[in-house]
Amino acid sequence: LFLGAVHDRAAPNLDSLAWFSGEVLPLLLASLGPDIRLGVCGHVNPRVDLGPLRRHRNVNLLGQVADTAPVYDHHRVFVAPTRFAAGIAYKLHEAAANGLPVVGSHLLCRQAGWQDGQDMLCADVMDPAAFAQQVVRLYQDHELWDTVRDNALRRIAVEHSPQDYRARMAEIMEAVFTQHD
């Protein structure tokens, strides 16, 4: 599963999707067989042409959906081949919170502060074979899949609990509204 919005032709998600579908997906088809499918979920601006993906028999363009939970439930591996990005790695958190283990770029692994081989599998986005190998490992190794899934769920529970958010927001608000003499 790949999930992300594509607002324009310069969007990092479009770059990620083009690289993955053009460079990695053929390697996955060779390793995992012709029945493997890449689900692509998220808003796509109508002015962005996804023509080759629309015609690819191994790509299911799901579009924007109101509830992503069933989408996560119908996939085995989440891919995040982000080559450039800014901000928080929210897509990793959402996938993990929905119980779907992640193969992502080293960039996202660093941004999230997650451990390769423990919380997610990381791969070099300059090496399609290495990225494909990580997807195949996670797809085929049930013990690894369980380990990565469980560790990521634990990280989400510890690092993103509602209580921690409330406490951090209270600290920020106190600092903003407390006068310092």
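This is a predicted model: local features need pLDDT of at least 70, side-chain atom pairs count only at pLDDT 80 or more; totals for chains, interfaces and linings use all residues.
**Packing of helices α1 and α6**

The crossing in which α1 passes α6 is right-handed. On the α1 side, the contact is formed by Trp19, Phe20, Glu23, Val24, Leu27, Leu28, Ser31 and Leu32. Helix α6 contributes Pro128, Ala129, Phe131, Ala132, Val135, Val136, Tyr139 and Gln140. Sorted by class, the contact comprises 13 nonpolar, two polar and one charged residues.

Helix α6 covers residues 128–140, and its end C-alpha atoms are 18 Å apart; this agrees with the 18 Å that its 13 residues should span at 1.5 Å a residue. The buried residues of α6 are Pro128, Phe131, Ala132, Gln134, Val135, Val136 and Leu138. Their cover includes helix α1 (12–32) and helix α7 (142–159), together with the strands β4 (78–80), β5 (102–105) and β6 (121–123).

Helix α7 also contains Asn151. With a relative accessibility of 15%, Asn151 counts as buried, because the cut-off for burial is under 20%. Leaving aside residues up to four places away in sequence, Asn151 touches Gln118 and Asp119. Between Asn151 and Gly22, the separation is 129 residues in sequence and 31 Å in space, C-alpha to C-alpha.

How values were computed. Residues are numbered from 1 along each chain as its sequence is written. Side-chain values use heavy atoms; hydrogens and water are left out. Helices (H or I, at least four residues) and strands (E, at least two) are DSSP runs, numbered from the N terminus. The expected span of a helix is 1.5 Å times one less than its number of residues. Buried means under 20% relative accessible area, exposed over 50%, partly exposed in between (1.4 Å probe, protein chains only). Contact means heavy atoms within 4.5 Å. A crossing is left-handed if the near helix is turned anticlockwise from the far one by less than a right angle, and right-handed if clockwise. Ala, Val, Leu, Ile, Met, Phe, Trp, Tyr, Cys and Pro count as nonpolar, Asp, Glu, Lys and Arg as charged, and the others, Gly among them, as polar.
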